[in-house]
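Please open the model in a viewer and follow the stops below in order. Each one gives a selection and says what is there.

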Amino acid sequence: MLGSPVLRQVARPVDPDTEGLLVKDVVADLERIQEEEEGLGLAAPQIGEGLRIFLLESSSLPVLCGHRIFVNPVLSPSGPPCRREEGCLSVPGVFEDVIRPSHLLVTALDADLVPFEMALDGMAARVAQHENDHLDGILFVDRLGSLRRRLLRGRLAEISRGAGEARECRT
Ligand SMILES: [Zn+2]
């Protein structure tokens with residue numbers, strides 16, 4: 001949730017030689033929470049893990065050809081900018097138009113740490129960029145114009161305070 005420090009940090013890459021088990025644990029958590037939340041994607045920092053891993057929901061995004069887990073992804077966006085509404089599990093109740101490049105080349109490791117590469121466009125390219133932003137501590141609201149950000153400031157502060165209170169309750 002917005003307000004959680006890990007959401008604002010740059011996540012670290014996974015070491016594929018030594019961290020296979022850690023990746024399996026994080027992937028299992030991502031898949032479990034993804035099932036509960038039914039979003040189009042989920043990034044490790046959203047579940048409190050500062051690692052460069054995200055999940056895209058391949059059942060909703062057939063262009064992924066079954067690829068679901070992206071570890072240490074590298075994105076090369078291209079193509080004309082495209083505007084579309086986005087929301088985020090970590091910023092509940094906020095939906096805003098975001099402009100992003102429409103095409104993307106992605107290289108990553110899969111859940112078994114095998115490298116792959118794919119070209120994406122449309123919704124899949126958008127969701128991949130949204131999730132990859134999470135790995136760099138960036139939220140979609142950061143990509144809005146300054147006026148929209150100003151208008152949302154109160155709402156975002158409210159969500160952050162809520163997350164802070166929830167943290168205090170847990171400890
Ligand atoms: Zn998000």
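The model is predicted, so local features need pLDDT of at least 70 and side-chain atom pairs count only at pLDDT 80 or more, while totals for chains, interfaces and linings use all residues. Residues are numbered from 1 along each chain as its sequence is written, and side-chain values use heavy atoms, with hydrogens and water left out. Strands (E, at least two residues) and helices (H or I, at least four) are DSSP runs numbered from the N terminus; two strands pair if DSSP finds at least two bridges between them.

Now show strand 4 and strand 5 whole. They pair in the antiparallel sense over seven bridges. Five residues lie between the strands of this hairpin, and Leu-113 takes a positive phi near 65 degrees.

Five strands form an open, antiparallel sheet in the order 1-2-3-4-5. Strand 1 (41-43) and strand 5 (115-121) each have a single partner strand, so one side of each has no neighbour in the sheet. Neighbouring strands are turned by 30 degrees against each other on average, direction ignored. For such angles, axes are lines fitted to C-alpha atoms, for helices over the stretch in contact, and the angles run from 0 to 180 degrees between N-to-C directions.

Next, take strand 3 (residues 69-86) with strand 4 (residues 96-109), an antiparallel pair with 12 bridges. Along strand 4, Val-98 stands opposite Arg-84, and Val-106 stands opposite Leu-75.

Helix 2 lies across strand 1, strand 2, strand 3, strand 4 and strand 5, at about 120 degrees to strand 3.

Select the core residues. A nonpolar core is a set of buried Ala, Val, Leu, Ile, Met, Phe, Trp, Tyr and Cys residues joined through side-chain atoms within 4.5 Å; buried means under 20% relative accessible area, exposed over 50%, and partly exposed in between (1.4 Å probe, protein chains only). The largest core has 19 residues, of which Leu-56, Leu-64, Phe-70, Val-106 and Leu-120 touch the most other members. Helix 2 gives the most to this core, with five residues. Centre on Val-106: leaving out residues up to four places away in sequence, the residues it touches (heavy atoms within 4.5 Å) include Phe-70, Leu-75, Phe-116 and Leu-120.

Which atoms coordinate the zinc ion? Select Cys-88 (SG), His-130 (NE2) and His-134 (NE2), at 2.1 to 2.2 Å. Donors are N, O and S atoms within 2.8 Å of the metal (3.2 Å for Na, K and Ca); water is not among the atoms, so sites may look incomplete. The spacing of the donors along the chain is C-x41-H-x3-H. Both histidines, His-130 and His-134, lie in helix 2 (residues 122-135), four residues apart, about one turn. His-130 is buried at 7% relative accessibility, and His-134 is buried at 1%.

Finish with the salt bridges, each a side-chain nitrogen of Lys or Arg within 4 Å of a carboxyl oxygen of Asp or Glu. The count is 14. Select Arg-148 and Glu-96, whose closest N and O atoms are 2.6 Å apart. Arg-148 is in helix 3 (residues 146-170) and Glu-96 in strand 4, so the pair ties together parts 52 residues apart in sequence. Arg-148 is partly exposed at 36%, whereas Glu-96 is buried at 10%. Last, select Glu-86, Arg-100, Arg-126, Asp-133 and Arg-143, which salt bridges with shared partners join into one network.
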